[in-house]
Amino acid sequence: MATQNSRSAARFMLAPAVVLLLGWMLVPLTMTLWFSFRKYLPLRGGDMGWVGFDNYVRFVSSSSFWPSIQTTLIIVGSVLIITVILGILLALLLDQPMWGQGVVRILVIAPFFVMPTVSALVWKNMFMDPVNGLFAHLWKFFGLTPIEWLSQASLPSLVMIVSWQWLPFATLILLTAIQSLNSEQLEAAEMDGAAVVSRFFHIILPHLARAITIVVLIQTIFLLSVFAEIFVTTGGAFGSKTLSYLIFQRVLESQNIGLGSAGGIYAVILANIIAIMLMRVVGKNLDA
Amino acid sequence: MKNTARALLGAVVASLMTSTAFAEKLTIATVNNGDMIRMQKYTDDFTKKTGHTVEWVTLEENVLRQRVTTDITTKGGAFDIMTIGMYETPIWGKNGWLVSMNDLSAEYNADDILPAMKGGLSYDGTMYAAPFYGESSMIMYRKDLMEKAGLKMPDAPSWSFIAKAARAMTDRSTETNGICLRGKAGWGEGGAFITAMSNSFGARWFDEKWNAQFDTREWSDTLNFFVNMMNDAGPPGFATNGFNENLSLFQQGKCGMWIDATVAASFVTNPKDSTVADKVGFALAPDNGLGKRSNWLWAWALAIPAGTKKEAAAKQFIEWATGTGYIELVAGKEGWANVPPGARTSLYKNPNYTSVPFAKMTMDSILSADPNNSTVDPSPYVGVQFAAIPEFAGIATEVSQEFSAAYAGQQTVAEALAKAQALTNEAMEAAGYR
Amino acid sequence: MAREITSQRKTINTVAAWAIGLLIFFPILWTILTSFKTEAVAIADPPVFLFFDWTLENYSIVQERSNYGRFLWNSILIAVGSTILGLLVAVPAAWSMAFVPSVRTKDILLWMLSTKMLPAVGVLYPIYLLFIQLGLLDSVLGLTIVLMLINLPIIVWMLYSYFKEIPVDILEAARMDGATLKEEILYVLTPMAIPGIASTVLLNIILAWNEAFWTLNLTAAQAAPLTAFIASYSSPEGLFYAKLSAASTMAIAPILIMGWFSQKQLVRGLTFGAVK
Amino acid sequence: MGSITLKKVTKSFGSVDVIHPLDLTIDDGEFVVFVGPSGCGKSTLLRLIAGLEDVTSGHIEINGKDATDIPPAKRGLAMVFQSYALYPHMTVRKNIAFPLKMARLPKSEVDSKVEDAARILNLTDYLDRRPGQLSGGQRQRVAIGRSIVREPDAFLFDEPLSNLDAALRGNMRLEIAELHQSLKTTMIYVTHDQVEAMTLANKIVVLQNGVIEQVGSPLELYSNPANIFVAGFIGSPRMNLISGKRAHEHKAETIGIRPEHMSIVKGGKASKSKWQGTVGISEHLGSDTFIRVETDDLGAIVVRAPGDVGLKFGDKVTMTPDLSHLHRFDEAGLAIK
């Protein structure tokens with residue numbers, strides 16, 4: 001609903017963003033695509049010619065490939081589940097009347113401000129260290145053998161660190177959504193005799209659908225590229241190698257640009273599959 | 001006449017060159033270890049002497065390696081001087097990416113550099129990086145705990161003695177671990193240790209035809225010995241311990257023995273940071289009677305990327321930082337125990353230094369490591385705790401990750417070795433060696 | 001009677017919320033506390049909470065080792081710069097999508113978001129090579145541009161969802177009143193979207209501040225921000241918890257303080273159109 | 001200054017035709033009301049005139065000049081929106097001054113014009129408040145003020161009173177009428193409420209499904225509706241429309257008679273000109289009573305009777321239509337003259 005004039009203005013004003021992002025996506029992507037078909041070993045003389053799909057075959061047939069996909073999905077999936085469930089519970093709690101609500105909210109959102117590198121360092125050294133970490137002290141206090149978090153439970157540890165970072169985000173969005181819920185609706189349900197639990201499942205949860213969608217979408221985008229947390233804590237050992245970490249190893253540690261680029265293309269494909277799935281599943285919620 | 005004119009012209013050109021070389025700003029990428037950070041404190045001395053200023057980019061080892069490798073392979077030119085090690089130098093030198101260090105000034109006295117260091121930092125007879133400090137590895141042990149256990153550390157112990165002593169010194173009730181060793185994944189961390197250790201067990205990475213050797217008896221002996229000893233006498237979580245973690249444990253008095261870099265000696269004997277400073281003894285890294293000890297050889301060295309416009313100034317810096325003057329500067333301000341070790345022969349002839357408790361053992365360790373002949377059976381590669389081929393870092397990191405998973409009990413030693421064998425051969429095929 | 005029940009419930013709520021809040025905040029609190037301890041106290045067993053001799057020694061050591069001010073300044077420049085640049089591009093784009101939607105608007109929006117899913121490490125080499133060509137390596141400008149591009153999809157989306165809440169009538173009124181497109185956006189739309197823009201700005205600053213891959217890999221000395229600062233402490237000689245904590249506190253304090261002061265704006269606007 | 005002419009104007013959104021080819025002339029100083037049920041295209045027509053939408057084909061002339069491709073701001077028109085569309089972040093003063101500021105008038109001139117407008121609209125005391133602090137009627141006045149200061153060639157009103165309560169709506173209707181009296185500027189007013197249309201307009205344009213059904217003065221439309229639609233739409237309560245045998249008696253497909261054009265008595269006999277039925281629900285308005293009479297052959301008929309008519313629910317009654325006010329329509333629904 002607009003005039004030709006404003007439509008062309010709109011196209012003109014959308015153009016910078018689209019062109020910039022297109023460039024940001026296409027230029028490196030084209031170069032990555034090019035590299036992925038070449039034997040490109042910078043340390044042994046650079047570009048050593050066309051190799052067809054060799055890099056692609058080699059990347060997938062590597063024993064690390066499927067485990068890395070699995071690890072990626074486990075980390076993304078678990079963090080999503082944890083942050084959404086805890087986020088809803090926390091949002092419900094914070095929505096209740098209490099003293100010092102503002103301060104509590106500050107405490108809860110604080111982890112979101114912390115650099116991933118810093119939070120990984122702090123968790124790894126000061127909490128999860130099996131000798132000097134706080135958890136070790138706590139375990140010993142109860143007479144238990146301290147857990148060697150990052151080696152014996154590397155994935156749960158990573159999930160814990162990443163969930164800690166993203167819980168505030170989920171909580172905030174869900175809290176805003178809960179606060180927007182019409183209280184008359186809840187009162188009507190109460191009059192209709194709905195108990196607390198059924199009020200939650202029949203009224204609050206459907207109302208939160210859209211907010212949950214957004215949380216899932218945005219977090220997935222960021223979680224797929226989780227890197228610093230792994231780099232700092234386990235360095236990819238103990239089964240904590242995600243796809244992006246595997247690419248990092250191929251490109252930077254092995255200095256095999258061709259192989260790594262092929263991995264990059266796989267990652268793009270994976271990201272798009274997940275994106276399309278997300279759009280299918282949750283896209284409807286975004287219509288408005 | 002003609003000659004004087006030419007000489008005059010030459011002088012003018014020379015003075016022009018020195019004046020353009022004057023007051024450069026050098027960007028130096030360096031690792032965040034104690035010696036390098038100490039050097040940053042004394043940068044003013046360099047600026048005072050030459051007029052050049054210095055910008056430091058201090059990064060953790062893994063980040064640094066990643067950062068400088070990206071820059072050198074793309075010829076990015078972000079750094080005028082890079083801190084690199086014995087692994088990178090010959091590979092990069094071979095590719096012509098580094099400026100030769102053969103033409104340093106006479107007063108710098110390049111011949112004073114320890115031959116082992118110079119050898120490791122050269123390719124085809126040309127030195128491509130000047131060692132800031134050099135190191136080998138050795139045993140650091142607690143004399144008091146050793147005595148309590150009723151044992152006496154020989155100067156050159158065997159692995160069986162170490163294992164016996166480690167178990168004897170372990171007291172879980174006081175959180176005293178008999179031995180602390182690196183188990184952390186990463187080729188420069190646990191990978192370096194286990195490779196050096198495997199040398200003394202007669203193992204090697206590759207045979208002469210670049211076939212991986214993890215399916216051999218020697219490797220399985222190495223790993224089983226390590227895992228058994230560490231389970232009995234190592235600290236909890238040793239599979240994630242690297243140099244820093246072990247240093248910290250040792251300084252807190254939680255380790256009976258620690259086999260690691262010789263530079264650590266000055267940290268564990270420094271009463272400011274260490275609770276056990278006056279109780280530390282030193283010995284050569286252990287052997288297994290096969291003629292090879294399990295100590296490595298490493299140097300952090302300064303190199304100049306080819307194509308830099310500030311070569312002259314960069315060389316001035318390298319001469320300042322790796323010359324004898326700097327050693328004296330640090331000795332004067334912070335004492336001889338804190339000077340960068342392992343780079344110069346003259347240091348080990350200096351009576352001031354030889355009185356430092358770990359000086360002799362450091363020197364002996366460095367001299368006992370031979371990068372060109374590190375394994376019992378012949379091998380096609382150069383390097384003690386690494387193989388100086390470009391693919392090694394990537395492969396060894398993944399191999400060490402498999403090992404660390406075995407240390408953590410997530411898989412058996414046999415499984416780890418089988419995976420290591422497969423992935424090494426895979427990568428060597430990809431790189432075209434086999 | 002009813003009042004009593006409420007106040008009792010309120011007490012329970014308060015206790016529960018504070019307990020959980022403190023639990024979530026604890027790692028940060030612990031880091032800040034540890035930064036004021038000596039190394040020996042930092043690793044003491046059992047841990048010491050409040051009753052120790054507070055010291056600023058760690059901060060002075062960290063400052064002596066690296067010029068904190070410069071890293072901080074670069075972080076501020078990059079975070080603020082990329083946000084301003086992002087707004088300049090995103091406000092017109094979001095205006096178009098919100099007020100002159102076409103059948104492709106939603107696809108464009110989702111496509112923009114999908115560019116964020118590209119693995120950064122996969123394109124490091126191409127970008128590095130480009131930066132060398134363009135002379136942008138180790139420059140604040142280069143990083144500002146990269147971070148702007150990385151966060152642009154998020155900015156566009158956030159602004160789009162706020163703009164959609166604004167009645168078109170008002171913009172049309174402005175148009176009738178003789179405002180040009182620029183004036184319409186500048187004098188009418190932007191002021192009305194202030195809460196949304198404020199929270200977009202805040203979120204973007206946080207994201208840019210904490211971005212650790214590009215900021216580390218595309219800088220050397222000149223443009224290095226606090227992520228590079230912390231990278232030189234990420235594994236120093238030995239595990240010096242107190243110094244590590246001091247460096248960590250210095251790296252996160254500015255953004256934490258900013259976040260706390262502006263949390264109302266941030267919270268008010270952080271909906272991504274989730275509330276409908 | 002303020003004549004507007006539409007020539008063969010059409011508007012389609014995609015495949016949906018919202019406005020069919022349409023011609024209309026609005027003279028300077030007229031108060032024209034577009035009226036019709038929701039979805040008839042009246043608001044779209046207004047937006048086409050405003051320039052907020054493009055015409056699909058045809059031309060719009062303002063003051064004799066082709067304005068089809070001129071952007072809204074340059075057409076010399078002012079618009080008052082249904083939602084008032086006040087700028088919430090500006091004070092009343094700034095809201096009213098905004099168009100002048102956009103026209104880059106000197107500040108002194110802006111100030112005096114704003115003061116004048118505020119005085120006319122009784123807004124002087126509220127100049128420094130924000131729209132959020134005003135009542136509905138005050139907001140409406142601000143919206144009008146904002147359009148007055150521009151001294152436009154014509155005002156466009158898009159259902160401006162529909163967000164107000166009934167009492168206020170009456171007042172504002174008067175104010176708008178007075179405004180037109182004093183300014184004598186062309187006004188185009190869109191509403192779905194035929195009462196507003198009747199009370200305000202010089203000229204009413206009745207629209208249905210994008211087609212003009214009839215144009216004329218209120219009384220013209222009331223007394224001579226051109227077709228069944230206009231007949232049914234204008235007037236309250238609605239005209240009684242009767243088809244079938246009773247209509248054929250008057251040589252028409254459909255006949256129509258307004259409630260006030262019938263007399264009603266208790267009892268009586270049926271004949272060709274007298275209709276019989278039973279009293280159903282009555283609406284007592286005081287002055288008048290509207291009686292709904294259920295008949296066997298005509299359906300329900302509404303009759304206007306005096307307020308004190310003594311009829312009760314269930315009474316048998318006889319109605320006599322005033323045949324001089326009988327409207328006759330043919331098969332196409334057009335009035336038979």
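1. Start with chains C and A. In this predicted model, 98 residues of chain C are in contact with 93 residues of chain A; contact means heavy atoms within 4.5 Å. Of the 5 pairs of chains in contact, A and C share the most contacts. The model is a prediction, so local features need pLDDT of at least 70 and side-chain atom pairs count only at pLDDT 80 or more, while totals for chains, interfaces and linings use all residues. Residues are numbered from 1 along each chain as its sequence is written, chains are lettered from A and ligands numbered from 1 in the order in which they are written, and side-chain values use heavy atoms, with hydrogens and water left out.

2. Interface size is often given as the accessible area lost when the parts come together. Chains C and A bury about 8,800 Å² between them; buried area is the accessible area (1.4 Å probe) that two parts lose on being put together, summed over both. Carbon and sulfur atoms carry 80% of the figure for C and A. On the chain C side, Ile24(C), Met117(C) and Tyr125(C) lose the most area to chain A. Together these three give 8% of what that side buries.

3. Polar features between C and A.

4. Make-up of the chain C side. Helix 1 (residues 2-34) of chain C gives the most to the side that touches chain A, with 20 residues. Helices (H or I, at least four residues) and strands (E, at least two) are DSSP runs, numbered from the N terminus. By class, that side has 69 nonpolar, 20 polar and 9 charged residues. Ala, Val, Leu, Ile, Met, Phe, Trp, Tyr, Cys and Pro count as nonpolar, Asp, Glu, Lys and Arg as charged, and the others, Gly among them, as polar.

5. Now chains B and C. Here 35 residues of chain B are in contact with 29 residues of chain C. The buried area is about 2,400 Å², with 53% from carbon and sulfur atoms. In chain B, Arg67(B), Thr74(B) and Asn244(B) lose the most area to chain C, together 22% of what that side buries. Chains B and D do not touch; their nearest C-alpha atoms are 49 Å apart.

6. Polar features between B and C. The rule finds 1 salt bridge across this interface. Glu55(B) forms a salt bridge with Arg70(C), and the closest N and O atoms are 2.7 Å apart. The count of residue pairs in polar contact is 10. Elements giving two or more residues to the chain B side include strand 1 (25-31) and strand 2 (53-59). Helix 4 of chain B provides the largest share, 7 residues. By class, this side of chain B has 9 nonpolar, 16 polar and 10 charged residues.

7. Check Glu211(C). It sits in the loop between helix 10 (194-210) and helix 11 (214-217) of chain C. Glu211(C) is buried yet has no salt bridge; buried means under 20% relative accessible area, exposed over 50%, partly exposed in between (1.4 Å probe, protein chains only). The nearest side chain of opposite charge, Lys116(C), is 8.1 Å away. Lys and Arg count as positive and Asp and Glu as negative; His and the chain ends are not counted. Leaving aside neighbours within four places in sequence, Glu211(C) is in contact with Leu147(C) and Thr227(C).

8. Compare Arg293(B). This residue lies in the loop between strand 9 (280-284) and strand 10 (297-303) of chain B. Arg293(B) is buried, with a relative accessible area of 18%. A polar atom of its side chain lies 2.6 Å from the backbone oxygen of Ala285(B). The backbone oxygen of Ala156(B) lies 3.5 Å from a polar atom of the Arg293(B) side chain.

9. Two covered helices. In helix 2 (residues 34-41) of chain B, 7 of the 8 residues are buried. Asp35(B) and Arg38(B) are among them. In helix 1 (residues 42-50) of chain D, 8 of the 9 residues are buried, including Lys42(D) and Arg47(D). Just after that helix, Gly51(D) takes a positive phi of about 95°.

Notes:
A salt bridge is a side-chain nitrogen of Lys or Arg within 4 Å of a carboxyl oxygen of Asp or Glu. A polar contact is a pair of N or O atoms within 3.5 Å; within protein, one must be able to donate a hydrogen and the other to accept it, and residues adjacent in sequence count only if both atoms are side-chain atoms.
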